[in-house]
Amino acid sequence: MRITTGLLTAFFATQAYALDAPKVELTDPLDTGMWSYHQINILGNPDKIRFDERVVVKAPVAAEDSFNVPVLVDATALEDVKQMVFLVDYGPIPKILTYWPQKAEPKLSFRFKIDQATPVRAAVQTGDGEWHVGSTVIDAAGGGCSAPAVAYAADDWEEHLGEVRGRVWPEKGRVRMIVDHPMDTGLADGIPVFIIEQLQLADNLSGESLARLELHEPVNEDPAFTLYFGSNGVGNEVQVTGRDNNGNEIDAVLSAAAVQ
Amino acid sequence: MTDLTKRQFLGAVGSTAVIAALPKSVFAAPLSYDLAPVQVADGIWMIEGRTEYFSAENGGAIVNCALIETEAGIVLVDTGPSRKYGEALLDVARGLNGRGVAGVMITHHHPDHFFGNQVFSDKPIHALPETRALAESQGDGFADNMYRLLGDWMRGTEPAPPNTDVSSSVISIGGRSFETLPLSGHTGADLAILDQKTGLLIAGDLAFLNRAPTTPHADLPTWRAALDVLTEKNASAILPGHGPLDTSGASLAQTRDYLDWLEATLKQAALDGLDMVEIMDEPLPDRFAGMGAMPQEFHRSIAHLYPQIERDSMPLGQ
């Protein structure tokens, strides 16, 4: 009888472990209660993962504009970065975007819509398969995910859909771009999900792929990104291509400014 | 123990238990605004706000209000961030003039300037028509955020939009005349008020002094044009919306200097391809770094202004 109880206890403990606990249990420096859940569901319950101060997440302490919260993630202290996943702990749609830097530095500026005060995480995977996680906290009045896009206030938004504004700074190794798109989350009444899903950057002369982005609903309306390359690590012309979930294509070439 | 009866003993134990069971807030110091009127001209007093951002410590008392004596009673200019603040203003007004408050003028629709209106809802509350419309459309949203930032200071506060449109260039109340200057730029409608008796200009938030200007609804070219108008008035003194009384015109010059620097800095940042977080890292010039609410207001202004400035600056891809 004692043995049976012991076996049952062991059995249930195993079950509880399998259901709730990630393979690698981390001590979340922010202790939000949500990290393990995202570790399993967004990162796929990886075998190797750690919180790592070399992944720097910079953002304002408080979100002034819930629709446009700027974040800069810098993982250049890590070698051989393959992909970077950005997410929030609290929000109806936690995953913001995934970045494959390819020829770019593992560093990205972006903006997103915040729904409430939350930590923002950057999970960065290196070539050895290990994930390195950095965090910061942003306070917010909230509501950014469940309001209609501002674009609909303008009659001509459709004419500008998918337009790309931007510039290349080859000597500084920098590309900045803004893509016109409502980025509807599907959470505003009567407005289905309408988002850019993919963006790729390629050298316009050689066709070499430079970087790739996979966007999710929380990315801001008219997504704005800065990509970083080493000094002279990017040519004078960069082609941006992409597509939204309705099949609209994005295709534009950004150029270096004429020397002034 | 001999002198203590059983009833007294139980009573003492009982009251200890009651004290322990009461919520802690009963014993915390009650929240109250300590408003000290300072005379700045003949028959005009100011309540000087702290040059900070809203916090649960300052209760939102970060704004300047004016109390102006007339034969009909006190005319208030701006009513502060909460109902409780409005009540404190009413006490100050009654202390200055036995007739109490005769009327109110509101400079613009930001919550720190009109959320005390409830207390004066039976009086004429003058404002530009556009200010009234903006207070009606944005007041509830402001209230959500003010409750979040200020907590219990906001108890019982509901936004009460102005009830009387300013439609003439002069308003007379109780024998005192005020020139009304219908401007904009800090918001969609900014009322500046020139007291004709003393030449004192109440500039609202078109002028800040030693406190960083705020830009959530700003249009910078229009704001600069409004500063031109105010400068031409050669006022005897200027009561800025935030910061100390200005007797030299410094508030207008400083506000213009800051707006010029802010716009130039953001335009250059767009040319350099910076994102907002990178701009926040840039050091402030010494002449602005010491202003109240810095660098928070600079960071807020980046969020307000940069997306459009950047959009205008970036060429369209081919």
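A salt bridge here is a side-chain nitrogen of Lys or Arg within 4 Å of a carboxyl oxygen of Asp or Glu. By this rule the count comes to 34 salt bridges over all chains, and several of them are stops on this tour. You are looking at a predicted model, in which local features need pLDDT of at least 70 and side-chain atom pairs count only at pLDDT 80 or more, while totals for chains, interfaces and linings use all residues. For your selections, residues are numbered from 1 along each chain as its sequence is written, chains are lettered from A and ligands numbered from 1 in the order in which they are written, and side-chain values use heavy atoms, with hydrogens and water left out.

**Stop 1: chain B as a whole**

Select chain B and switch to a cartoon view. Its secondary structure comes to 9 helices and 12 strands; these are DSSP runs, numbered from the N terminus (helices H or I, at least four residues; strands E, at least two). Of the 318 residues in chain B, 53% are buried. For accessibility, buried means under 20% relative accessible area, exposed means over 50%, and partly exposed is in between (1.4 Å probe, protein chains only). Taking contact as heavy atoms within 4.5 Å, residues 24 or more positions apart account for 68% of the chain B contacts with a separation of 6 or more.

**Stop 2: two helices in chain B**

Next, select residues 250–271 of chain B, helix α6, together with residues 296–313, helix α9. They pack at an angle of about 50 degrees, with their axes 9 Å apart. Axes are lines fitted to C-alpha atoms, for helices over the stretch in contact, and angles run from 0 to 180 degrees between N-to-C directions. Angles under 35 degrees count as roughly parallel, over 145 as roughly antiparallel, 65 to 115 as roughly perpendicular and the rest as oblique, so α6(B) and α9(B) are oblique to each other.

Now show side chains. On the α6(B) side of the contact you will find residues including B:Y258, B:W261 and B:L262, and on the α9(B) side residues including B:F298, B:I302 and B:Y306. By class, this contact has 12 nonpolar, 2 polar and 2 charged residues. In this scheme Ala, Val, Leu, Ile, Met, Phe, Trp, Tyr, Cys and Pro count as nonpolar, Asp, Glu, Lys and Arg as charged, and the others, Gly among them, as polar.

**Stop 3: charged pairs**

Side chains of opposite charge can pair when their charged atoms come close. Start with A:D52 and A:R54, whose closest N and O atoms are 2.8 Å apart in a salt bridge. A:D52 is buried at 5% relative accessible area, whereas A:R54 is partly exposed at 35%.

Move to B:R132 and B:D165, a salt bridge with its closest N and O atoms 3.0 Å apart. B:R132 lies in helix α4 (residues 129–150) and B:D165 in strand β7 (residues 164–165), so this pair ties together parts of chain B that are 33 residues apart in sequence.

Then pick B:D152 and B:R155, where the closest N and O atoms of the salt bridge are 2.5 Å apart. B:D152 is partly exposed at 41%, and B:R155 is exposed at 59%. Finally, select A:E64, B:R211, B:E297 and B:R300, which salt bridges with shared partners join into one network.

**Stop 4: B:V170**

End at B:V170, in strand β8 (residues 170–173) of chain B. B:V170 is partly exposed, with a relative accessible area of 35%. Draw a distance from its C-alpha atom to that of B:T180, 10 residues apart along the chain, and the separation is 5.7 Å. Leaving aside residues up to four places away in sequence, B:V170 touches B:S177, B:F178, B:E179, B:T180 and B:Q196.
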